[in-house]
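Please look over the chain below before reading the notes. They are grouped by topic.

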Amino acid sequence: MTGPKTEQRRAGGIDYTLTRRRVRNINLRVRADGSVAASASPRVPAGVVDAFVASRAAWVAAAQAKADARAKRDAAADAALPPKAEALAQMTALCRAYYPRFAATCPGGRFPRIAVRDMRARWGSCSLKTGTLAFSRRLCVAPLPAREYVVVHEFCHFAHPDHSPAFWAAVEAVLPDYRQRQQLLR
């Protein structure tokens, strides 16, 4: 079996990639890098897809401008981030400060492995399997109360791997003002 067929096309001044697959409608999207992609059923003539793309030229231009602005903002933010080694040292020190409160719930009672990654979709993560707490490098430029909240949040996942009421009670036991700290990350 072969995969979907793709081809490069141009319509209404828009260069786009057309992918033929089993879909009911013609779908159009602008990717994060600003490129344009359309998907349509193999039964839809290419001319119909071209007309659809051309009819949405204003929407495409606006979406591309938004993607470009987001990319520039992200690049500027990344330039302000500390090097990974510095970020790792910063987050490790913060975790060491909170570790005594969570030592009993850490896997094997040992200090967890700390990692810093270039994460965009989350501030931190907890792996019960490997005993690792991972943090976004972007967290290092957040206010200290926000960083403390994420560290406590991830440590609490060792005891409560979900976001149950018991999990939030554990967070609140350490940081009664955790809701205000959460707001600093929005």
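Predicted model: local features only at pLDDT ≥ 70, side-chain atom pairs only at ≥ 80, totals over all residues.

Residues are numbered from 1 along each chain as its sequence is written, and side-chain values use heavy atoms, with hydrogens and water left out.

**Overall fold**
- The chain has six helices and seven strands, where helices (H or I, at least four residues) and strands (E, at least two) are DSSP runs numbered from the N terminus.
- Read from the N terminus, the order of elements is β-β-β-β-α-α-α-β-β-β-α-α-α.
- The chain is more spread out than a compact globule, because its radius of gyration is 23 Å, well over the 16 Å that the globule rule gives for 186 residues. The radius is taken over C-alpha atoms, and the rule is 2.2 Å times the number of residues to the power 0.38.
- Along the principal axes, the C-alpha atoms fill a box of roughly 65 × 40 × 30 Å.
- Buried residues make up 40% of the 186; buried means under 20% relative accessible area, exposed over 50%, and partly exposed in between (1.4 Å probe, protein chains only).

**Strands 1 and 2**
- Strand 1 (residues 5-11) pairs with strand 2 in the antiparallel sense over seven bridges; pairing requires that DSSP finds at least two bridges between the strands.
- Arginine 9 is placed opposite tyrosine 16 of strand 2.
- Two residues lie between the strands of this hairpin, and glycine 12 takes a positive phi near 60° there.

**Helix 2**
- Helix 2 (residues 57-79) has 23 residues and spans 33 Å from first to last C-alpha, close to the 33 Å expected at 1.5 Å a residue. The expected span is 1.5 Å times one less than the number of residues.
- Its buried residues are Val60, Ala63 and Ala67.
- An α-helix has 3.6 residues a turn, so residues three or four places apart point the same way.
- The cover over the buried residues of helix 2 includes strand 2 (14-20), strand 3 (27-30) and strand 4 (36-40).

**Proline 107**
- Proline 107 sits in the loop between helix 3 (84-102) and strand 5 (113-117).
- Proline 107 is partly exposed, at a relative accessible area of 32%.
- Beyond neighbours within four places in sequence, proline 107 is in contact (heavy atoms within 4.5 Å) with Leu128, Gly131 and Phe158.
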